[in-house]
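Biologist: I am new to this structure and would like a close look at a single part of it. Please take me through it slowly.

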Amino acid sequence: MSKVNNIIGSRSVSSTSCNSLVSDIEETIDNGLDDLTLTKSNRPSSTTRTTKAKRIRFYHNGNKYFGGVVVPVASDRYRSFDSLTTELTNLLMKTVTLPSGVRTIFSMDGRKISSLEELEDGKEYVCSGKGELFKKIDYTKTEALKNKRASVSKPTVPVSRVVLEDCVRPRIVTIIRNGIKPRKVLRLLLNKRNASNLEQVFSSLTDTAQLDSGAVRKVFTLSGQPVTVLQQFFSGEDVFFVYGNERFSLDDFELEFEESKAIQSYKKTPGLRNGFGPKPKMPKKELKTYISDENLLTKLSKDVNITLPPSLLQKYSVGRMIGDGNFAVVRLCVDKTTNVGHALKIIDKSKCKGKEDMVENEVRILRRLNHPNVMRLVDEQDTKPMLYLVCELVKGGDLFDAITVAQKFSEEQAALMITHLTSALAYLHNLNIVHRDVKPENLLVDMKGSKIKALKLGDFGLACEVTGPLYTVCGTPTYVAPEILAESGYGLKIDVWAAGVILYILLCGYPPFASQDNDQEKLFDCILSGQYDFPDEYWQDVSMYAKELIQNMLQLAPELRFSAEDVLDHPWLHVANC
């Protein structure tokens with residue numbers, strides 16, 4: 001546990017200190033082929049997005065028997081290129097063989113497509129798997145399309161229609177695996193990536209239940225009603241019995257004591273009792289600079305007439321200090337040509353002995369990022385004693401200071417900030433980058449009067465690319481995820497845990513996990529137990545939707561915890577109206 005404290009001691013200071021509405025989708029399966037058309041239905045008037053979707057047909061690489069799928073591509077449905085390839089995988093795998101899913105999209109002349117912006121309305125493209133070369137055939141004259149056109153004049157059997165309504169939203173369900181009593185009780189997170197239609201839900205249930213008889217063929221609610229439509233998974237009941245082809249009896253729907261106990265333990269939610277004892281306090285924000293006779297940072301923090309490398313001196317003039325830390329100071333600088341202000345982060349390399357890789361990694365990651373809710377790297381200059389980073393300036397300061405002033409925020413303001421934060425995290429996670437130090441000090445806010453109008457994520461000193469489980473113990477104690485403390489291996493979802501802690505703070509003014517006597521070991525025990533509550537004294541006016549989202553972001557089990565995209569799909573964020 002002490003490792004967390006040691007790491008945090010050196011990173012306790014920030015360097016500078018929308019959302020998709022669930023839409024109706026209709027899939028039409030024509031003449032036995034997956035010639036699917038997805039169409040938007042009416043959208044609530046509260047949304048500000050009016051961009052028309054691009055209607056695009058996607059073929060399967062080299063497959064002359066597949067007529068393609070037509071998909072409306074819009075930014076409010078697909079926040080990233082990866083989310084589009086994921087949905088294409090789900091659609092195409094119903095008919096064609098794609099062992100590794102859709103990994104590459106080609107234009108009809110074989111050019112590789114790498115972003116949503118490159119896709120043109122009304123055009124056709126080719127989907128391929130991992131490592132496949134583009135196969136040039138006349139996709140517009142495939143056997144499937146020929147057969148379809150030839151059958152237009154013939155009487156046809158009514159086509160089956162699979163309608164995906166706006167019922168699909170992230171939700172954790174409990175499943176009871178068929179077998180000898182007491183049966184195994186499991187949990188599964190359903191979302192638009194694994195539950196876009198009934199067939200896909202059954203596939204997800206199969207993977208989770210691992211029935212001896214193979215695939216899940218029959219599903220029943222706790223009351224014994226057969227599940228036949230997708231909406232049943234997202235309505236009132238959240239406990240389901242799953243079967244293969246084996247027979248069932250009415251006795252199966254009667255729970256034994258051990259089964260009921262397991263279900264109730266899963267359903268246990270943070271209490272809504274009246275608070276007792278003193279209100280927990282926010283952790284302190286420490287502003288400290290390493291002091292020594294040779295410390296260049298001390299001089300830089302006081303010297304207004306600082307000397308920059310010639311290349312930077314030509315472009316920028318330097319002003320007052322606006323932040324400091326153990327290894328860096330941050331000063332205001334102004335572009336001499338545009339008169340635009342920036343934040344100049346000056347890193348003393350002599351204080352980074354043994355941490356050179358961390359500094360290089362931060363710069364390498366910043367170079368890759370381009371997102372409206374991520375602090376932008378504008379310029380950089382490396383010298384022997386110092387590293388200079390010119391970054392985007394966010395004038396409102398950091399969120400920690402905003403919380404100190406406001407104490408707590410309205411649900412509308414909190415929803416806007418969490419929308420911006422999780423938009424940044426979804427972007428990072430799609431690049432397989434984990435931030436590892438999401439906290440109010442590292443969130444920069446832009447103000448409009450007394451209200452926050454934008455939030456940006458900064459300080460990527462602990463960020464890294466995820467290629468497998470990570471084991472380095474790092475982060476800030478109040479916001480650290482339980483799997484980091486357990487040293488069991490962690491991944492991208494530790495950022496969502498930290499965001500859940502921040503959401504809790506925004507709505508009540510104090511953290512969910514705290515030790516009254518500031519004992520770090522007791523704090524870690526609270527986090528590992530996952531025990532927190534919503535005392536009525538501070539939470540009675542907060543909506544149940546907000547509390548539900550917090551509970552899903554603070555799930556102990558990472559596989560059940562919402563992803564950043566799941567958070568963005570939650571209906572509570574609609575109150576942000578962004």
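Which residues does Leu-377 touch, not counting residues up to four places away in sequence?

Modeller: Before the details, please note that this is a predicted model, in which local features need pLDDT of at least 70 and side-chain atom pairs count only at pLDDT 80 or more, while totals for chains, interfaces and linings use all residues. Residues are numbered from 1 along each chain as its sequence is written, and side-chain values use heavy atoms, with hydrogens and water left out.

Leaving aside residues up to four places away in sequence, Leu-377 touches Val-363, Leu-366, Arg-367, Leu-389, Val-390 and Cys-391, where contact means heavy atoms within 4.5 Å. Leu-377 itself lies in strand β15 (residues 377-382); helices (H or I, at least four residues) and strands (E, at least two) are DSSP runs, numbered from the N terminus. Leu-377 counts as buried because its relative accessibility is 16%, and buried means under 20% relative accessible area, exposed over 50% and partly exposed in between (1.4 Å probe, protein chains only). Between Leu-377 and Leu-393, which are 16 residues apart in sequence, the C-alpha to C-alpha distance is 9.9 Å.

Turning to helix α8 (residues 356-368), its 13 residues should span 18 Å at 1.5 Å a residue, and this agrees with its end C-alpha atoms, which are 19 Å apart; the expected span is 1.5 Å times one less than the number of residues. The buried residues of α8 are Val-359, Asn-361, Glu-362, Val-363, Ile-365 and Leu-366, and they pack against β14 (341-348), β15, β16 (386-392), β17 (433-434) and β20 (464-465).
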